[in-house]
Amino acid sequence: MSDVLQALQEVLDQRRNADPESSYVASLHAKGLNKILEKVGEEATETILAAKDAEMSGTTKEVIAETADLWFHCLVMLSQLNVEHTAVLAELERRFDLSGLVEKANRVK
């Protein structure tokens, strides 16, 4: 999995400064963080709706596709903020042996 994320990180890094007319990623970066966040929100909503549909239909193809879109746009957001995906993976790894309730309580402090 991290190989896919690393390859995607490399593509995002290459396309970040590409011509916005020829690269979707470059066009998002050119429009700035607010546009990227708008896309993250849009994809999150679409993922939620697809999950609700999947529960009713038993078909998960759309929720998988929408989740991929959401993750992709989250990676673009991180790229805009100069944060690599490895930082998120490290945070998930740090939390691995913690109870979710304990981890959440620690964040509130």
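Modeller: Gladly! Let's start with glutamate 43 and lysine 39, which both lie in helix α3 (residues 33-57), four residues apart, about one turn of the helix. This is a predicted model, in which local features need pLDDT of at least 70 and side-chain atom pairs count only at pLDDT 80 or more, while totals for chains, interfaces and linings use all residues. Residues are numbered from 1 along each chain as its sequence is written, and side-chain values use heavy atoms, with hydrogens and water left out.

Biologist: What makes a stretch of residues a helix here?

Modeller: A helix is a DSSP run of H or I with at least four residues, a strand is a run of E with at least two, and numbering starts from the N terminus. The protein chain has six helices and zero strands, in the pattern α-α-α-α-α-α.

Biologist: Why is the pair of glutamate 43 and lysine 39 called a salt bridge?

Modeller: The rule asks for a side-chain nitrogen of Lys or Arg within 4 Å of a carboxyl oxygen of Asp or Glu. The closest N and O atoms of glutamate 43 and lysine 39 are 3.7 Å apart, so the pair meets the 4 Å limit. Lys39, Glu42 and Glu43 are linked in a network of salt bridges, and the count for the structure comes to five salt bridges.

Biologist: Why can such side chains pair at all?

Modeller: Side chains of opposite charge can pair when their charged atoms come close.

Biologist: Which salt bridges does glutamate 91 form?

Modeller: Glutamate 91 meets arginine 94 at 2.7 Å, N to O, and arginine 95 at 2.9 Å. In helix α5, arginine 94 is three residues from glutamate 91, about one helical turn; arginine 95 is four residues from glutamate 91, also about one helical turn.

Biologist: Is glutamate 91 buried, partly exposed or exposed?

Modeller: Buried means under 20% relative accessible area, exposed over 50%, and partly exposed in between (1.4 Å probe, protein chains only). Glutamate 91 has 27% relative accessibility, so it counts as partly exposed. Arginine 94 at 47% is partly exposed too, as is arginine 95 at 28%. Glutamate 43 and lysine 39, by contrast, are both buried. Of the 109 residues of the protein chain, 26% count as buried.

Biologist: Which residues of α1 are buried, and where do they lie around the axis?

Modeller: In α1, Leu5, Gln9 and Leu12 are buried. They cover an arc of only 65° around the axis, which puts them on the same side of α1; the arc is that of the directions from the helix axis to the C-beta atoms. On the other side of α1, Asp3, Val4 and Gln14 are exposed. The buried residues of α1 pack against α2 (24-31), α4 (61-80) and α5, where contact means heavy atoms within 4.5 Å.
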